[in-house]
Amino acid sequence: MQNYNNYSYKIPASPLFPQRELIYMPECHSTNAYLEQMVREREVAEGSVVIAGYQYAGKGQRGNLWLTEPGQNLTFSVLLKPFWLQASQQMYLTRVFALGITDWLKTLMAAEVHIKWPNDVLLNRRKVCGILIENQLHREHIAMTIGGIGVNINQAYFPFASATSLFKETGREYNLDQCFYDLMVCLDRRYAMLQRGMLGDLHNDYLAQLFGLGMEINFSTGNSSFPGTVLGVDDYGRLEVRTPWGIRLYGFKETTIQWPLK
Ligand code: BTN
């Protein structure tokens, strides 16, 4: 196991975020929760990041825990203040985070890289990265976003067959400092596209990475499962699926794509 007190993470300078800070926590319950608390206590500049050596109570989607071995993986949260974005456009933040991660993975290796709707990132059809985006709304705008990212880097064993890491897929160990820096460059680029209003490009690029587009795959809803063909994702983030009952739009809480992925 690496000594996770020894990291020397650096964050790229960006004209978008001239005041950004990098806060390294050797141990932390949840970087999302920690960053949220910081913002309540003092002014924190947009683009700032909290990164943990070991996150011991990470929050996942749907109230799940995000479990990660100490010192093996990246767990961090980014603060954004996209007040110019309508609350109804929240899906664009999902697109920014998911695409930043897929862009970065594609620079590292020639493997299959996909986004599993809405915002899991897959490497060779197994989950390598989870994203938890927590927005605070002010009327119809987004006052603040905390984008939490967990990427499995050097961890070798997982309790679920559906999970993987860079190490598991390539047999190589990766330098976490370098991974973080390069990933942040990719995330900054995608956020710059959003700031410039390049919504069509973000929409199309997300679709190009979407797992199952045009393919028949299995979905779960409660206790039942059904086959369906993914047709797209609308601006509210709903998945458009051709089901045995016709074309349907599903929200995040209404269905999931069933493991294992074909
Ligand atoms: C998922 O369930 O797929 C989302 C997982 C998100 C985990 C990351 S790790 C860094 C950040 N802090 C948290 O508590 N959660 C996110």
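Is Pro12 buried or exposed? I'll come to that after two remarks on the model. It is predicted, so local features need pLDDT of at least 70 and side-chain atom pairs count only at pLDDT 80 or more, while totals for chains, interfaces and linings use all residues. Residues are numbered from 1 along each chain as its sequence is written, and side-chain values use heavy atoms, with hydrogens and water left out.

Pro12 is buried, at a relative accessible area of 4%; buried means under 20%, exposed over 50%, partly exposed in between, with a 1.4 Å probe and protein chains only. Pro12 lies in the segment before E1. Leaving aside residues up to four places away in sequence, Pro12 touches Arg20, Tyr181, Met184, Val185 and Asp188, where contact means heavy atoms within 4.5 Å. Between the C-alpha atoms of Pro12 and Asn152, 140 residues apart along the chain, there are 21 Å.

Now the sheet. Helices (H or I, at least four residues) and strands (E, at least two) are DSSP runs numbered from the N terminus, and two strands pair if DSSP finds at least two bridges between them. The sheet is open, with 7 strands in the order E1-E2-E5-E9-E8-E7-E6 and mixed pairing. E1 (22–28) and E6 (113–116) are the edges; each has a single partner strand, so one side of each lacks a neighbour in the sheet.

Within it, E2 (residues 49–55) and E5 (residues 74–80) run antiparallel, joined by 4 bridges. Ile51 stands opposite Phe76 in E5. Helix H4 (residues 176–195) packs on the sheet, touching E1, E2, E5 and E9 (141–151), and its direction makes about 30° with that of E5. Axes here are lines fitted to C-alpha atoms, for helices over the stretch in contact, with angles from 0 to 180 degrees between N-to-C directions.
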